[in-house]
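Welcome! Here is a short tour for anyone meeting this structure for the first time. Have a look around, and then we will go through a few spots together.

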Amino acid sequence: MEQDLKEKKAHTAGLSRLQKWCGLRDRTEREVWEKMRDVMAKMATPPSASRAEVWSEDWMAALREDKYVDDARCAESYTRVHHEHKSWGPLKIKAGLASRGVSGGVADRAIQAIPDDQWQASANRLLARREDELEAHQDRVIRWLMQRGFPQRMVWTALDHVTKTARREAGADS
């Protein structure tokens, strides 16, 4: 009887700890599974392997039901933040989502939520910031933009846009 009460208390405490952790920011299911292992390992008396499996399934079901875990929401949030604040391109964002355990289809939908013209505007803006380096180190600047996760077609379009803008401004100054 006392053992059952201790187990129930540990089960509830573990779930509470996961809910608090998931509430800090959006998490993927894979991240939550990894955290569950950590939570159980740090318990005063870790559950047996069979009990741990049952608890993990219970916890994941509860977290999904209470909307603490949602891969699609996590992917959308990650995409939006990394596009707006870090100026990452779609390829780098997709790689980041894959490293967090988000499936390819969910990642593609999150990336497609941002229109191509916004991705292109970001590439144009980044390339314009390094416009003064283009003449001497064009290959380095192009590599830098590709490392930011922009596909080749967007890089070349941004290069065309920046050079046309520079020509237009040079013509207006004359």
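Is tryptophan 55 buried or exposed? Tryptophan 55 counts as buried, because its relative accessibility is 6%, under the 20% cut-off. Please keep in mind as you read on that this is a predicted model.

**Aromatic pairs**

- A search of the whole structure turns up two aromatic pairs.
- One of them joins tryptophan 55 and tryptophan 59, with ring centres 5.8 Å apart and planes at 40°, so this pair is tilted.
- Tryptophan 55 and tryptophan 59 are four residues apart in helix α3, so about one helical turn separates them.
- Tryptophan 59 is buried too, with a relative accessible area of 0%.
- Tyrosine 78 and tryptophan 88 also form an aromatic pair, and this one is edge-to-face, with 6.5 Å from centre to centre and 70° between the planes.
- That pair links distant parts of the chain: tyrosine 78 belongs to helix α4, while tryptophan 88 is in the loop between α4 and α5, ten residues apart.
- Tyrosine 78 is buried at a relative accessible area of 12%, and tryptophan 88 is buried at 16%.

**Charges over rings**

- Look at arginine 27, whose charged end sits over the ring of tryptophan 21, 3.8 Å from the ring centre.
- For arginine 130, the charged end sits over the ring of tryptophan 144, with 4.5 Å to the ring centre.

**A buried glutamate**

- Glutamate 31 can be found in helix α2, which covers residues 29-41.
- With a relative accessible area of 14%, glutamate 31 is buried.
- Setting aside neighbours within four places in sequence, the contacts of glutamate 31 are Trp21, Arg25, Asp26 and Arg100.

- Most residues other than glycine have a negative phi.
- Lysine 67, which is not a glycine, has a positive phi near 65°.
- Lysine 67 is placed in the loop between α3 (49-65) and α4 (71-84), and counts as exposed at 57% relative accessibility.
- Serine 87 also has a positive phi, near 55°, and is likewise a residue other than glycine.
- You will find serine 87 in the loop between α4 and α5 (90-99), where serine 87 is buried with a relative accessible area of 15%.

How values were computed
Residues numbered from 1 in each chain as written. Predicted model: local features only at pLDDT ≥ 70, side-chain atom pairs only at ≥ 80, totals over all residues. Heavy atoms only, no water. Helix = DSSP H or I, 4+ residues; strand = E, 2+ residues; numbered from the N terminus. Buried < 20%, exposed > 50% of the residue type's maximum accessible area, 1.4 Å probe, protein only. Contact = heavy atoms within 4.5 Å. Phe/Tyr/Trp six-rings, centres within 6.5 Å; stacked < 30°, edge-to-face > 60°. Lys NZ or Arg CZ within 6 Å of the ring centre and 35° of its normal.
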